[in-house]
Structure formats: structure tokens, C-alpha cells
Amino acid sequence: MNNLTHLTHLNGPAHPKLRSVVGIQRPTPARPLDLRVRAQRIQIDELIVEDPRQVLAHAGQAALNDPDTAALLGHNPATPLSLPAAAALLCALYDTDVLTAMGLRLTRHTTRVSASNQQTEPVSLVRSTAPDQEG
């Protein structure tokens, strides 16, 4: 029996001591302020036609692929696209990077930003850049 008492003593008490936990206040995350900010960004790319035949060829294919957009620009399958309509169609469907491969060249990029909240008049910013002219 002496051994049995000794084993109980080695194992320690049946229940470990419980530490009291003091609730740690965590900072509440800041809620976003709803200022009803409105922003409008308009990007204007001015391009010129460098290769009219290439522009007309790409626009003809684009008109077949997207006849609804072509119709909005005045195209119908019975009449060929004019060069201005062809360039407009390509600009409506593709990014500037793609347009340069289709015979158009960027001459100016303008961004107009207007921002306001409910209490203020809109603030406008216009930024215009022109790519370097190759000599």
C-alpha cells in the first residue's frame, strides 16, 4: 500500500489549478466612414489612322464578330464601313495597346476625374499626356 500512496503523490492533484482570465479588451476595428463620395473618371484616347487598309480589314472582321456594336455606329451589312466608322468601331471594342497593332496610333491620352461628397462641390482634375513623337 505504501507504493500506491507514493504513485498518487507523483501524479499530482487530480485537477490542475485554473488561472483566472481577465478579459482583455481588444480594440474594435474602426468602421469605415460613409461620406457618400462620388467619383467619375473619363479616359479619352485620341488616335490617328496610320494604315487605312489595315484599319478597314480589322473593322470588317469586328463588325462580323460584334454586329450589335457595329449597328450602333451606323454600320449595316449592305454597305461597307467608312474609315471613320471603322476606326470608331475598333476604338469601341479594343484597348489602346491592341489598336496600335491594328493600324492606329495614340496621339494624346487625357484623363478627367471629378470627385465630391454630399457636402462639397465636385473637384475636377484633368491630366493629359502625349507620347513622345518619333523623329
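Which residues make a nonpolar surface patch of about 340 Å²? The patch is formed by L33, L35 and V37. Patches are assembled from residues with over 30% relative accessible area and no salt bridge, with like charges joined within 9 Å and nonpolar side chains (Val, Leu, Ile, Met, Phe, Trp, Tyr) joined within 5 Å. Accessible areas were computed by the Shrake-Rupley method with a 1.4 Å probe, and for residues only the protein chains shown count as cover. L33 belongs to the loop between helix 1 (2-11) and strand 1 (38-49). With a relative accessible area of 74%, L33 is exposed; the classes are buried (under 20% relative accessible area), exposed (over 50%) and partly exposed (in between), with a 1.4 Å probe and protein chains only.

The model is predicted, so local features need pLDDT of at least 70 and side-chain atom pairs count only at pLDDT 80 or more, whereas totals for chains, interfaces and linings use all residues. Residues are numbered from 1 along each chain as its sequence is written, and side-chain values use heavy atoms, with hydrogens and water left out.

The protein chain contains five helices and three strands. Helices (H or I, at least four residues) and strands (E, at least two) are DSSP runs, numbered from the N terminus. Of the 135 residues in the protein chain, 16% are buried. The protein chain exposes about 11600 Å², of which carbon and sulfur atoms supply 55%. Among contacts (heavy atoms within 4.5 Å) with a separation of 6 or more, 64% join residues 24 or more positions apart.

The three strands make up an open sheet in the order 1-2-3, with antiparallel pairing. From one strand to the next, the twist averages 15 degrees; axes are lines fitted to C-alpha atoms, for helices over the stretch in contact, and angles run from 0 to 180 degrees between N-to-C directions. Two strands are taken to pair if DSSP finds at least two bridges between them. In general, strands of a sheet pair through backbone hydrogen bonds, either parallel or antiparallel.

Strand 2 (residues 104-116) and strand 3 form a hairpin with six residues between them, and their antiparallel pairing extends over seven bridges. Within this pairing, T111 stands opposite R127 of strand 3, and V113 stands opposite L125 of strand 3. Of the seven residues of strand 3, the number buried is zero, so strand 3 lies largely in the open.

Two salt bridges were counted, each defined as a side-chain nitrogen of Lys or Arg within 4 Å of a carboxyl oxygen of Asp or Glu. One of them joins R108 and E46, with the closest N and O atoms 3.8 Å apart. This pair links distant parts of the chain, as R108 lies in strand 2 and E46 in strand 1, 62 residues apart. R108 is partly exposed, with a relative accessible area of 38%, and E46 is likewise partly exposed, at 33% relative accessibility. A salt bridge is also formed by the side chains of R105 and E50, at 2.6 Å from N to O. Because R105 lies in strand 2 and E50 in the loop between strand 1 and helix 2 (52-65), the pair ties together parts that are 55 residues apart in sequence. R105 is partly exposed at 28% relative accessibility, whereas E50 is exposed, with a relative accessible area of 52%.

Helix 4 (residues 83-93) includes A86. The buried residues of helix 4 are A85, A86, A87, L89 and L90. These buried residues pack against strand 1, helix 2, helix 3 (67-72), helix 5 (96-100) and strand 2. A86 has a relative accessible area of 0% and is therefore buried. Not counting residues up to four places away in sequence, A86 touches V55, L56, A59 and L81. The C-alpha atoms of A86 and L73 are 8.9 Å apart in space, with the two residues 13 residues apart in sequence.
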